[in-house]
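I opened my notebook to jot down a few things I wanted to look up.

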Amino acid sequence: MRLLTHNMLSSNIKGVINGFPLLIQAERVVEKQVDFNPDFLKNMFSKIDWKALADASKTMGYDELPDEVPDPSVLDSQEFLQKFHHALLELHLEEGALVCPETGRRFPVNKGIPNMLLHEDEV
Amino acid sequence: MPPRIAQIRLVSSHPQVYEPCDDSYALVDALLADRTKLLEHHPTICMEVGCGSGYVITSLALILGSEARNAYYFATDVNPYAATVTRETLEAHGVHAELVTTNIASGLEKRLSGLVDVMVVNPPYVPTPDEEVGSLGLSSAWAGGENGRNVIDKILPVADNLLSDKGWLYMLFLAENDPLQICLQMRDKGYGAKIVVQRSTEEETLHVIKFWRDPDIQMEGNEANLTPKTAPQRGLEFLLSHISRLSFRERQ
């Protein structure tokens, strides 16, 4: 699971109001090289919740993103785009869990696939 | 060179996962038929709901290929084995999609709302007793409840929420699902509809229907009955007459 996907997931348990972002419990993180595509990054920048991405990448052992939402002018910087690219697409949570920030419920991640299935009493 | 699609010999399998069949081929044929339009559409987020073996999402990624540079793929399935098998199928073809084991798009609906440019669905469409719907195993791939509509009717509002303003939905239906009624229902939500592929076998008649948000249709809703018929409306009438002709032919 890439951090872009983490950025699009929220806790789906019935009654949960603040289900985003899910906290990451990382047991195994892998890095996979992905083709660098500035257009894609510029397109995704406005759709990403920056703080969730910066915090998630830190949990995954990558501490290069600014904590505060950067000014869109940084999108002209190759150096920034490279870091954004790496955090968003190249860090994979292979084994671990995503934890609902409100209820503490763990959603397991195995073989890079988060399991968001709910129990009957959570739907 | 013709565009590539997933190769059956590279599609992974598991006893609890639905294997590619006529319906899967019909859906991929529809995507192939629309390839040029899809490339001109410049999709970013593409998503398959109910990816099963991974045959369709892998084919979509191959069909769009490197020409759709900004395309990013998500795939979900309620069956955990299906997500794993899809991952293997994708890897065997050297393409990537992000996988989530979930019911339809649960967990993705808030943040992906209005962001999906292309959505592809081969739903469980087989009419069955309602009790058979809702398992997490193999039958989740086909058991569709009364008229096969149980899960389809849950997916359509989710699709409406996820699709972007320019979003397209490709969805497969069985004649018994009453695709005409589905098109009318989607029309009320402002969607145009078109049959991309129609395929009849001895056992079943399949339609792949493409839906898109049509601003003219919503406008007509506001000015009910006052405006002359616009092109999209004629398009719908064509579609409806086409479907009724098909069902007429089936009765022969």
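My entries on helix packing, rings and one threonine follow.

**Ground rules.** I am working from a predicted model, where local features need pLDDT of at least 70, side-chain atom pairs count only at pLDDT 80 or more, and totals for chains, interfaces and linings use all residues. Side-chain values use heavy atoms, with hydrogens and water left out; residues are numbered from 1 along each chain as its sequence is written, and chains are lettered from A and ligands numbered from 1 in the order in which they are written.

**Entry 1: two helices of chain A.** I looked up helix 3 (residues 50-59) and helix 4 (residues 78-90) of chain A, whose axes come within 10 Å and cross at roughly 75°. Helices here are DSSP runs of H or I with at least four residues, and strands are E runs of at least two, numbered from the N terminus. Axes are lines fitted to C-alpha atoms, for helices over the stretch in contact, with angles from 0 to 180 degrees between N-to-C directions. Helix 3 brings A:Trp50, A:Leu53 and A:Ser57 to the contact, and helix 4 brings A:Phe80, A:Phe84, A:Ala87 and A:Leu88 (contact is heavy atoms within 4.5 Å).

**Entry 2: rings.** A:Phe45 and A:Phe80 form an edge-to-face pair, 6.4 Å centre to centre with 80° between the planes. This pair joins helix 2 (residues 38-45) of chain A to helix 4, across 35 residues. Both A:Phe45 and A:Phe80 are buried (under 20% relative accessible area, with a 1.4 Å probe and protein chains only). Ring pairs also link A:Phe45, A:Trp50, A:Phe80 and A:Phe84 into a cluster.

**Entry 3: a threonine in chain B.** I found B:Thr101 in strand 3 (residues 98-101) of chain B. Is B:Thr101 buried or exposed? With a relative accessible area of 3%, B:Thr101 is buried. Leaving aside neighbours within four places in sequence, I noted contacts of B:Thr101 with residues of both chains, including A:Pro114, A:Met116, B:Asp77 and B:Pro80. B:Ser59 is 42 residues from B:Thr101 in sequence and 20 Å away in space, C-alpha to C-alpha.

Definitions and conventions: Rings of Phe, Tyr and Trp (its six-membered ring) pair if their centres lie within 6.5 Å; planes under 30 degrees apart count as stacked, over 60 as edge-to-face and the rest as tilted. Buried means under 20% relative accessible area, exposed over 50%, partly exposed in between (1.4 Å probe, protein chains only).
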